[in-house]
Protein chains: 2
Amino acid sequence: MSYDPSAFPPFAVTVDLVVLTVRRHALCALAVRRGESPFQGRWALPGGFVRADEDLAQAAERELAEETGLRVHDPAIPAQDHGAHLEQLATYGDPKRDPRMRVVSVAHLALAPDLPAPRAGGDASNARWAPVDELLEQGGYGRDGEPVAPLAFDHAQILWDGVERARSKIEYSSLATAFCPPEFTVGELRRVYEAVWGVALDPRNFHRKVTGTPGFLVPTGGTTTRQGGRPAQLFRAGGATLLNPPMLRPEV
Amino acid sequence: MSYDPSAFPPFAVTVDLVVLTVRRHALCALAVRRGESPFQGRWALPGGFVRADEDLAQAAERELAEETGLRVHDPAIPAQDHGAHLEQLATYGDPKRDPRMRVVSVAHLALAPDLPAPRAGGDASNARWAPVDELLEQGGYGRDGEPVAPLAFDHAQILWDGVERARSKIEYSSLATAFCPPEFTVGELRRVYEAVWGVALDPRNFHRKVTGTPGFLVPTGGTTTRQGGRPAQLFRAGGATLLNPPMLRPEV
DNA sequence: ACAATAGTGTCTATAAGACAGTATTGA
DNA sequence: TCAATACTGTCTTATAGACACTATTGT
């Protein structure tokens with residue numbers, strides 16, 4: 001463990017982002033089309049180099065803002081609207097993961113409410129929300145008939161790891177509310193769980209669970225009828241971040 | 001997100017190791033004494049540079065073997081003795097975390113059974129197992145009367161994160177067996193949980209829980225009396241890696 | 001005998017799964 | 001009217017927590 005600063009191999013360090021949202025009952029991730037070689041024209045996760053004077057979290061926040069306009073939700077500001085959740089996911093450093101040079105990517109996971117439309121430097125055709133099932137498929141055709149190619153680099157692996165992280169973390173935390181707008185109904189929150197886990201949940205038991213867990217949901221007093229049917233109470237996310245006992249994920 | 005390989009800031013990439021074990025009913029971590037500036041003479045986590053042609057996991061395995069002689073347990077070889085568990089923990093990249101240059105450290109977490117004695121390049125005085133409480137204390141004196149200085153760099157943060165990861169992971173996985181020798185008793189496994197969590201567990205309910213979870217423990221047929229009292233059955237770790245329902249950690 | 005640890009059994013409280021039934025809207 | 005969603009309540013089952021009791025060793 002000699003620590004000689006004059007003799008170390010130089011690396012490039014990037015941050016890549018797994019930005020997840022729930023649209024039309026499906027778990028979707030933000031993908032951008034690569035304009036250059038390698039993997040030119042293929043879809044990839046958004047990301048970029050960490051700057052020389054920048055912390056890893058700062059770099060991830062900057063990339064997230066550049067790609068989506070989202071600011072990161074600060075838990076110290078509970079009333080803040082439309083903040084995304086951002087956390088470090090894992091680091092990928094296979095020597096051959098980028099054919100050009102040695103790149104270590106510190107992947108981050110962001111959870112966002114359903115957003116108007118993606119923007120990638122102003123060019124909408126080069127960024128989209130795609131169902132994660134579609135992005136993780138090996139070949140075939142997407143819902144719009146466009147042929148599906150695997151994601152660039154090791155981004156399929158990174159996306160898979162991010163999805164798994166999100167799937168397990170909503171079990172024991174209140175993170176699922178990060179997919180919801182500031183005010184939401186129990187039914188909307190349930191549809192988030194159903195989309196992320198890909199299962200159907202009993203609406204009555206779900207209602208009992210989330211309303212019975214202290215600090216999870218706070219009623220705002222308002223109601224909404226945007227789902228059709230009987231008007232539903234609106235809630236905000238409460239202060240509790242940990243769910244104990246957890247929300248149980250049904251067997252597959 | 002321009003991806004120009006000719007213009008990226010160069011980083012050094014290291015792996016640092018949080019190696020945990022349970023000795024004398026206390027959760028301990030491997031610490032090495034720094035021989036050079038900065039933080040000369042202070043305790044630090046073992047680690048070193050990632051080589052140019054090396055994957056991150058390979059680098060962590062190499063460092064672990066260099067510091068402890070431990071090989072990583074391969075789940076594909078269930079009969080393998082004294083294998084440690086190794087997983088990536090998190091990556092630390094504050095621009096000022098190393099005063100000499102920009103270093104990004106990919107921390108890894110290793111869980112090991114109680115080992116004979118640490119070795120650091122053959123020099124035993126420069127490596128030791130220390131209770132994590134002692135390493136995380138701010139000043140004061142350790143159990144041997146030696147004055148305690150904070151760990152070098154941001155290693156206190158890294159150690160804390162590793163301990164938290166271990167504490168939560170033994171709740172829902174069979175990872176606690178990584179702290180045990182190949183054959184162990186229910187009581188020994190319970191003392192691992194007690195040391196890692198810092199709580200007392202009811203021996204009877206613990207026994208019911210671990211023996212009643214299918215695939216967690218496999219009896220070997222042997223018995224031992226090394227704890228004193230009535231001879232106890234010996235077990236190996238079963239194939240199950242996930243504990244469902246989890247082992248519940250008592251409130252503090 | 002006694003201390004120490006191993007192991008079994010029993011009662012209770014909590015919470016999840018299944019599902020009946022009522023309430024309030026829009027079409 | 002009916003379909004759709006929201007909500008309340010009830011019964012059963014699984015499991016954790018507390019703790020009485022027996023079993024088998026060393027001193």
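## Salt bridges and a helix contact

The side chains of B:D154 and B:R97 meet in a salt bridge, with 2.8 Å from N to O, where a salt bridge is a side-chain nitrogen of Lys or Arg within 4 Å of a carboxyl oxygen of Asp or Glu. This pair links distant parts of the chain, 57 residues apart: B:D154 is in the loop between α2 (132–136) and α3 (155–172) of chain B, and B:R97 is in the loop between β5 (85–92) and β6 (103–111) of chain B. Both B:D154 and B:R97 are buried, that is, under 20% relative accessible area, whereas exposed means over 50% and partly exposed lies in between (1.4 Å probe, protein chains only).

This is a predicted model, in which local features need pLDDT of at least 70 and side-chain atom pairs count only at pLDDT 80 or more, while totals for chains, interfaces and linings use all residues. Residues are numbered from 1 along each chain as its sequence is written, chains are lettered from A in the order in which they are written, and side-chain values use heavy atoms, leaving out hydrogens and water.

Over all chains, the whole structure holds 30 salt bridges, including these:

| Pair | N to O distance |
|---|---|
| B:D154 and B:R97 | 2.8 Å |
| A:D98 and A:R100 | 2.7 Å |
| A:R190 and A:E194 | 3.4 Å |

A:D98 counts as buried because its relative accessibility is 3%, whereas A:R100, at 30%, is partly exposed. A:R190 and A:E194 are both buried, and both lie in helix α4 of chain A, four residues apart, about one turn of the helix; helices here are DSSP runs (H or I, at least four residues), and strands are runs of E of at least two, numbered from the N terminus.
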